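Good morning, everyone. Please have a look at the model on the screen, and then we will walk through it together.

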Amino acid sequence: MATIILPALPFLPDALEPVISQKTIEFHYGKHHQAYVNNLNNLIKDTAFFGLSLEQIIMRSEGSIFNNAAQVWNHTFYWDSLRAPGQQTPDNEVHKAIISEFGSFEGFLEKFTAASTTLFGAGWAWLIKKDNKLEIAQTGNAETPMRKGQKALLTIDVWEHAYYLDYQNRRPDYIKEFMKIINWDVVNDRFLEV
Ligand code: MN
């Protein structure tokens, strides 16, 4: 069956605590992400999109089909970017590229934090690779860098549903804590991909 599936999380539901609670995972992954998957499968049934890959649907669709497809992809990419807190930031290739691009790792954190904090309303902040350079980007609602020909390396979901149960209206606190659960090994693997 060529239906779109909800991929398994790469960690246990409580693994990101205390940064992201199991309760948030249960709603954000179990309800929101699942709903985008269900909506998309309902929308593409009996259309030319049925049987296409998620990426193909994202590149070719507009409106509700695009919104749900991109949200499925963005959320899977977000979960895959995360790991339990308390681990070292490895001195790997993407780390070196970040220092070369932003002057220092702290310089990157400042700019990524600013992009995440200032995004108005719902959306995503990203670290992307474009023309072999690193950039920080923002996308509103479901928009995704793939549609602009950009390679995503890392994202933070700043829709309220990502943080409201744990941080209520304190988006800056969520962003600050989020920096402790980035899986830099995964980001490095993405950076090294063509
Ligand atoms: Mn979300």
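Where is the place of Pro18? Pro18 sits in the segment before helix H1 (22-44). A word on names: helices (H or I, at least four residues) and strands (E, at least two) are DSSP runs, numbered from the N terminus. The peptide bond from Glu17 to Pro18 is cis, with omega near 0°.

Some ground rules. This is a predicted model, in which local features need pLDDT of at least 70 and side-chain atom pairs count only at pLDDT 80 or more, while totals for chains, interfaces and linings use all residues. Residues are numbered from 1 along each chain as its sequence is written, and side-chain values use heavy atoms, with hydrogens and water left out.

Now the metal. Which residues coordinate the manganese ion? They are His28 (NE2), His75 (NE2), Asp157 (OD) and His161 (NE2), at 2.0 to 2.1 Å. Donors here are N, O and S atoms within 2.8 Å of the metal (3.2 Å for Na, K and Ca); water is not among the atoms, so sites may look incomplete. Along the chain, the donors of the manganese ion follow the spacing H-x46-H-x81-D-x3-H. Take His75 and His161: this pair links distant parts of the chain, 86 residues apart. His75 is in helix H3 (residues 63-80). His161 is in the loop between strand S3 (151-157) and helix H6 (164-167).

Are these two buried or exposed? Buried means under 20% relative accessible area, exposed over 50%, and partly exposed in between (1.4 Å probe, protein chains only). His75 has 0% relative accessibility, so it counts as buried. His161 has 19%, so it counts as buried too.

Next, the sheet. It is open, has three strands in the order S2-S1-S3, and its pairing is antiparallel. Two strands pair if DSSP finds at least two bridges between them. Why is one side of S2 (133-140) and of S3 left without a neighbour in the sheet? Because both stand at the edges, each with a single partner strand. Neighbouring strands are turned by 25° against each other on average, direction ignored. H3 packs on this sheet and touches S1 and S3. Contact means heavy atoms within 4.5 Å. The direction of H3 makes about 85° with that of S3. For such angles, axes are lines fitted to C-alpha atoms, for helices over the stretch in contact, and angles run from 0 to 180 degrees between N-to-C directions.

Gly123 stands opposite Gly140, and Ile128 has Glu135 as its bridge partner. S1 and S2 form a hairpin with two residues between them. In the turn, Asp131 has a positive phi of about 50°. Asn132 lies in the loop between S1 and S2, with phi near 65°. Asn132 is exposed, at a relative accessible area of 67%.

Last, the domains. The chain is divided into domain 1 (22-80) and domain 2 (93-192). Such bounds come from an automatic or database domain assignment. The two centres, taken over C-alpha atoms, are separated by 20 Å. The contact takes 22 residues from domain 1 and 23 residues from domain 2. About 1900 Å² is buried between them, and carbon and sulfur atoms give 63% of that area. Buried area is the accessible area (1.4 Å probe) that two parts lose on being put together, summed over both.
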